[in-house]
Amino acid sequence: KLERRVRLLIKKWSTILGVSDWDIKAQVVSNPCGHENYLACVRRDIGHRHALVSVNIDWADIGKTPEFGGDLEETLIHEILHICESECGLNSHVEGILSGIENRQPLEDALDSGGELLVGYLARRLYLLEGDKSGGT
């Protein structure tokens with residue numbers, strides 16, 4: 001049931017966010033991207049336009065904790081927005097900027113943190129906007 005819902009939401013949001021031409025697969029696993037406390041994660045192959053979204057099989061339990069929003073749809077929007085980062089060339093742009101810097105790790109970490117904050121914010125806003133349009137469903 002969870003896997004079916006994940007697939008339907010990925011199809012919905014990949015269309016809305018303009019990445020429906022990517023081959024996006026989904027899986028429900030115990031350790032998304034090797035982290036048992038992740039709700040979900042995405043691995044991308046930009047060159048082939050493939051992505052694998054992994055959702056934690058214990059999502060229902062982990063998602064209800066205060067540090068997570070608790071909504072599967074918002075979580076999947078977040079992961080699809082990471083695909084959008086690749087689609088718009090952001091990842092390549094950042095890599096180009098960082099390539100000439102010797103001690104790049106602190107800057108790379110800061111950019112990653114900032115990117116996560118922005119993606120989280122946009123996912124929340126899109127989720128709320130879509131809920132408003134559909135009458136809260």
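How does E108 count at 23% relative accessibility: buried, partly exposed or exposed? E108 counts as partly exposed, on a scale where buried means under 20% relative accessible area, exposed over 50%, and partly exposed in between (1.4 Å probe, protein chains only). Here are some notes to go with the model.

1. **What kind of model this is.** This is a predicted model, in which local features need pLDDT of at least 70 and side-chain atom pairs count only at pLDDT 80 or more, while totals for chains, interfaces and linings use all residues. Residues are numbered from 1 along each chain as its sequence is written, and side-chain values use heavy atoms, with hydrogens and water left out.

2. **Confidence.** The protein chain has an average pLDDT of 84, and 88% of the residues score at least 70; pLDDT is the predictor's confidence in each residue, from 0 to 100. Helices (H or I, at least four residues) and strands (E, at least two) are DSSP runs, numbered from the N terminus.

3. **Strand β3 and its neighbours.** Strand β1 (residues 23–29) pairs with β3 in the parallel sense over 7 bridges; two strands count as paired if DSSP finds at least two bridges between them. Within this part of the sheet, V29 stands opposite N56 of β3. Strand β2 (residues 40–45) runs antiparallel to β3, and 6 bridges join the two. D45 has H50 in β3 as its bridge partner.

4. **The hairpin turn and R49.** Between β2 and β3 lie 4 residues, and the two strands form a hairpin. R49 sits in this loop and has a phi near 60°, a positive value in a residue other than glycine. For context, most residues other than glycine have a negative phi. R49 counts as partly exposed because its relative accessibility is 27%.

5. **A salt bridge from R49.** R49 also forms a salt bridge with D21, with the closest N and O atoms 2.6 Å apart. That pair links distant parts of the chain: D21 lies in the loop between α1 and β1, R49 in the loop between β2 and β3, and they are 28 residues apart. The term here means a side-chain nitrogen of Lys or Arg within 4 Å of a carboxyl oxygen of Asp or Glu.

6. **Other salt bridges.** The whole structure has 10 salt bridges. One of them joins R7 to E3, with 2.8 Å between the closest N and O atoms. R7 and E3 are 4 residues apart in helix α1 (residues 2–16), so they are separated by about one helical turn. Both ends are partly exposed, R7 at 43% relative accessibility and E3 at 33%. To return to the opening residue, E108 forms a salt bridge with R104, the closest N and O atoms being 3.2 Å apart. Salt bridges that share partners also join K12, E73 and E130 into one network.

7. **The disulfide.** The structure holds 1 disulfide, a term that stands for a pair of cysteine sulfur atoms within 2.5 Å. C33 and C41 form this link, with their sulfur atoms 1.8 Å apart. The link is right-handed, with 90° about the S-S bond. C33 lies in the loop between β1 and β2 and has a positive phi, near 55°. C33 is partly exposed at 21% relative accessibility, whereas C41 is buried at 5%.

8. C84 is buried, with a relative accessible area of 16%, while C88 is exposed, at 61%.

9. **A nonpolar surface patch.** I97, I101, L107 and L111 form a nonpolar patch on the surface, with about 310 Å² of accessible area together. Patches are made of residues with over 30% relative accessible area and no salt bridge, with like charges joined within 9 Å and nonpolar side chains (Val, Leu, Ile, Met, Phe, Trp, Tyr) within 5 Å. Accessible areas come from the Shrake-Rupley method with a 1.4 Å probe, and for residues only the protein chains shown count as cover. I101 lies in the loop between α4 (90–98) and α5 (105–133), and is partly exposed at 33%.
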